[in-house]
Amino acid sequence: MSLSIGIIGLPNVGKSTLFNALLGKAQAAASNFPFCTIEPNVGTVPVPDPRLDTLAKLESSAQTTPTTIKFVDIAGLVKGAHQGQGLGNQFLSHIREADAIIEVVRLFADENVAHVTGAISPQDDVETISTELLLADLQTLDKRLMKEEREAKTDPKLRPKIALCQRLKQHLDQGLSARSFSASDEEKHYVDELFLLSAKPLLYVANVDEKQLHDASVLEPLRGALGSESSKIITINAKAESELIDLNADEQTEYLTELGLDEPGLNKVIRAGYALLNLITFFTTGPKETRAWTVREGTKAPPAAGVIHTDFQKGFIKAEVVSFTDLTSAGSMKKATEQGKVRSEGKDYTVQDGDVIYFRFNV
Ligand SMILES: Nc1nc2c(ncn2[C@@H]2O[C@H](COP(=O)(O)OP(=O)(O)OP(=O)(O)O)[C@@H](O)[C@H]2O)c(=O)[nH]1
Ligand SMILES: [Mg+2]
């Protein structure tokens, strides 16, 4: 499964710096000039999960394998991008391909790093980006409406779709995102097919400096601008996090302590990104390997087995399932089985986050 999160924002706000920090290597060029990134950089990042090591210890696994998530570092956008300003439409198509979005907002003060509008103003920056996404969506909707009105002349069944598009257009015209549009399940399905940018799950990363890192008040202007969406802000010092790359484990711990952090801020970003995509983790474990696997929330046992191997899904018989909590409190798979904590589940079972699963299948 290759679900991806696109990193967006104004030029020169630290998107590539964050991307490199996430990857733990300097894959993307990050420099102090706007539009440094043109072609998107793509990277796969392991999802940190302390449950992996706990399970591996329990089963004396030779190897542990985390699950992964894909990040795409996209070119910066400026006012007028929807009309082709800056890198314009090319950039918008890269956002369209992402399953969710992280928007980097610059809060850090550094007179050596140019801001495209000349002043640091998180409110204005957030407003610029959301306006561009909305205007691009309105263009998409207008094109769709024109096409459907033409086709409705011979196919009147399209009328309800046209009415829906018009309702959605009115909603966007008020400056509201497609994310907040209320629609029935059937209508939602249609809205999904429009691949609107403002419909994508969104998370804000406030890129702060060392001084701001532990001062929640610096977020106030951003919170004010985001209103009800302000719960989705993660604070990070992208530059410091990217400097961790070149340090050994001891030096990293020392640097994090200096920054007043108990783990890299990146872990927060990765976990939040994972949740943003509605993803959950299940585990397989044994002497050879303990491994984490990713599925969408609500996935049934056979397709979950299919993530491991298509044969597991085709020949699915049953899933032997124990929750991570039950397994760890029992202390071993043997004890968990004796205590009746290992359940036998069929094809209608919905996989839960933290399930440890052994799939039985026919070959
Ligand atoms: N002081 C400071 N500088 C930062 C921070 N994050 C990034 N920078 C600097 O800002 C400049 C731009 O960083 P990039 O990561 O290239 O920015 P970008 O958003 O990818 O820019 P484009 O690709 O041009 O859109 C670089 O010189 C970074 O070192 C930060 O947290 N603090
Ligand atoms: Mg960049």
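Over residues 278-361, the chain is 31% helix and 38% strand, with 27 Å between the end C-alpha atoms. Helices (H or I, at least four residues) and strands (E, at least two) are DSSP runs, numbered from the N terminus. UniProt lists this stretch as "domain: TGS" in an unreviewed entry; such annotations may be inferred rather than shown by experiment. The model is a predicted one, in which local features need pLDDT of at least 70 and side-chain atom pairs count only at pLDDT 80 or more, while totals for chains, interfaces and linings use all residues. Residues are numbered from 1 along each chain as its sequence is written, and chains are lettered from A and ligands numbered from 1 in the order in which they are written.

An automatic or database assignment divides the protein into domain 1 (4-50 + 66-120 + 199-276), domain 2 (137-198) and domain 3 (298-361). Taken over C-alpha atoms, the centres of domain 2 and domain 3 are 41 Å apart.

Helix α4 (residues 122-152) has 31 residues and should span 45 Å at 1.5 Å a residue, which agrees with the 44 Å between its end C-alpha atoms. The expected span is 1.5 Å times one less than the number of residues. Buried residues of α4 include P122, V126, I129 and L133, where buried means that 20 or more other C-beta atoms, placed from the backbone, lie within 10 Å of the residue's own.

Turning to ligand 1, G14, S16, N32, T37 and G76 come nearest among the 25 residues around it, counted when the C-beta atom, placed from the backbone, lies within 6 Å. The largest share of this shell, three residues, comes from α1.

Note on methods:
A residue is buried if 20 or more other C-beta atoms lie within 10 Å of its own, exposed if 12 or fewer, and partly exposed in between; C-beta atoms are placed from the backbone.
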